[in-house]
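Me: Please pick out one site in this model and take me through it closely. Keep it brisk, and give the cut-offs as you go.

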Amino acid sequence: MSETQKTVKTVKCPQCGAPAVWSPENSNRPFCSERCRLIDLGAWANEEYQIPTDKSEDDYSTGLESEEREFTPLRH
Ligand SMILES: [Zn+2]
(Lines give C-alpha, C1' and ligand atoms only; values in the text may rest on other atoms or scores of the structure.)
Protein backbone atom coordinates (compact mmCIF):
# COMPACT_ATOMS: atom_id res chain seq x y z
CA MET A 1 0.00 0.00 0.00
CA SER A 2 1.63 3.13 -1.18
CA GLU A 3 1.21 6.36 0.57
CA THR A 4 -1.28 8.46 -1.33
CA GLN A 5 -1.01 11.33 0.98
CA LYS A 6 -2.50 14.48 -0.38
CA THR A 7 0.12 17.07 -0.94
CA VAL A 8 -1.70 20.11 0.30
CA LYS A 9 -0.06 23.20 -0.95
CA THR A 10 -0.13 26.05 1.48
CA VAL A 11 0.72 29.65 0.96
CA LYS A 12 1.38 32.36 3.45
CA CYS A 13 -1.75 34.34 4.17
CA PRO A 14 -1.05 37.92 3.07
CA GLN A 15 -3.16 39.19 5.93
CA CYS A 16 -2.09 37.30 9.04
CA GLY A 17 0.84 35.26 7.76
CA ALA A 18 -0.71 31.94 8.69
CA PRO A 19 -0.47 29.04 6.26
CA ALA A 20 -3.44 29.13 3.93
CA VAL A 21 -4.54 26.06 2.04
CA TRP A 22 -4.15 26.61 -1.67
CA SER A 23 -6.86 24.45 -3.15
CA PRO A 24 -10.13 24.90 -5.01
CA GLU A 25 -11.87 24.13 -1.75
CA ASN A 26 -10.42 27.23 -0.20
CA SER A 27 -12.34 29.97 -1.95
CA ASN A 28 -10.55 32.52 0.18
CA ARG A 29 -7.10 31.74 -1.15
CA PRO A 30 -4.56 33.10 -0.95
CA PHE A 31 -6.00 34.01 2.41
CA CYS A 32 -6.43 31.50 5.21
CA SER A 33 -9.99 32.48 5.97
CA GLU A 34 -12.86 34.62 4.79
CA ARG A 35 -12.15 37.06 7.55
CA CYS A 36 -8.62 37.70 6.35
CA ARG A 37 -9.86 38.03 2.80
CA LEU A 38 -12.47 40.61 3.76
CA ILE A 39 -10.02 42.56 5.88
CA ASP A 40 -7.60 42.78 2.99
CA LEU A 41 -10.38 43.62 0.59
CA GLY A 42 -11.58 46.40 2.86
CA ALA A 43 -8.11 47.85 3.20
CA TRP A 44 -7.70 47.77 -0.53
CA ALA A 45 -11.07 49.40 -1.11
CA ASN A 46 -10.33 52.16 1.37
CA GLU A 47 -7.14 52.97 -0.46
CA GLU A 48 -8.84 52.98 -3.81
CA TYR A 49 -11.91 54.98 -2.99
CA GLN A 50 -10.47 58.28 -1.89
CA ILE A 51 -13.07 60.34 -3.68
CA PRO A 52 -15.06 62.40 -1.15
CA THR A 53 -18.68 61.43 -1.66
CA ASP A 54 -20.20 63.55 1.09
CA LYS A 55 -20.75 66.56 -1.16
CA SER A 56 -22.19 64.67 -4.08
CA GLU A 57 -24.61 62.96 -1.73
CA ASP A 58 -25.87 66.32 -0.56
CA ASP A 59 -26.25 67.51 -4.12
CA TYR A 60 -28.15 64.41 -4.95
CA SER A 61 -30.72 64.88 -2.19
CA THR A 62 -31.31 68.54 -3.05
CA GLY A 63 -31.47 67.61 -6.70
CA LEU A 64 -34.22 65.18 -5.96
CA GLU A 65 -36.22 67.86 -4.21
CA SER A 66 -36.03 70.31 -7.09
CA GLU A 67 -36.86 67.51 -9.49
CA GLU A 68 -39.95 66.71 -7.49
CA ARG A 69 -41.03 70.32 -7.69
CA GLU A 70 -40.53 70.47 -11.42
CA PHE A 71 -42.41 67.27 -11.83
CA THR A 72 -45.57 68.76 -10.32
CA PRO A 73 -48.11 68.86 -13.14
CA LEU A 74 -49.42 72.36 -13.83
CA ARG A 75 -52.85 71.15 -14.75
CA HIS A 76 -55.93 72.96 -13.83
ZN1 LIG B 1 -5.11 34.82 7.52
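Reply: Contact here means heavy atoms within 4.5 Å. This is a predicted model, in which local features need pLDDT of at least 70 and side-chain atom pairs pLDDT 80 or more, while totals for chains, interfaces and linings use all residues. Residues are numbered from 1 along each chain as its sequence is written, and side-chain values use heavy atoms, with hydrogens and water left out.

The site is the zinc ion. Its protein donors (N, O or S atoms within 2.8 Å of the metal, or 3.2 Å for Na, K and Ca) are the SG atoms of C13, C16, C32 and C36. They lie 2.3 to 2.4 Å from the ion. Why is the arrangement around the zinc ion tetrahedral? The 4 donor atoms subtend angles of 105 to 116 degrees. Four donors count as tetrahedral if all angles lie between 85 and 135 degrees. For four tetrahedral donors the ideal angle is 109.5 degrees.

Along the sequence, the donor residues are spaced C-x2-C-x15-C-x3-C. C13 and C32 tie distant parts of the chain together, 19 residues apart. C13 sits in the loop between β1 (10-12) and β2 (19-21). C32 sits in the loop between β2 and α1 (34-48). C36 is in helix α1. Helices (H or I, at least four residues) and strands (E, at least two) are DSSP runs, numbered from the N terminus.

The UniProt record, an unreviewed entry, places a "binding site" feature at C13, C16, C32 and C36. These positions spread over 24 residues of sequence, yet they cluster in space, with a largest C-alpha distance of 8.2 Å. Such annotations may be inferred rather than shown by experiment.

Now burial. Buried means under 20% relative accessible area, exposed over 50%, and partly exposed in between, with a 1.4 Å probe and protein chains only. C13 is buried at 3%. C36 is buried too, at 9%. C32 is partly exposed at 29%.

Next, contacts. Beyond four places in sequence, C13 touches A18, A20, P30, F31, C32 and C36.

F31 leads on to N26. Setting aside neighbours within four places in sequence, N26 is in contact with A20, V21 and F31. N26 lies in the loop between β2 and α1. Its relative accessible area is 11%, so N26 is buried.

Last, the setting. The protein chain has 2 helices and 2 strands, in the order β-β-α-α. Of its 76 residues, 9% are buried. Among contacts between residues at least 6 apart in sequence, 5% join residues at least 24 apart.

Terms used
Tetrahedral: all angles 85-135°; square planar, octahedral: opposite > 155°, others 65-115°.
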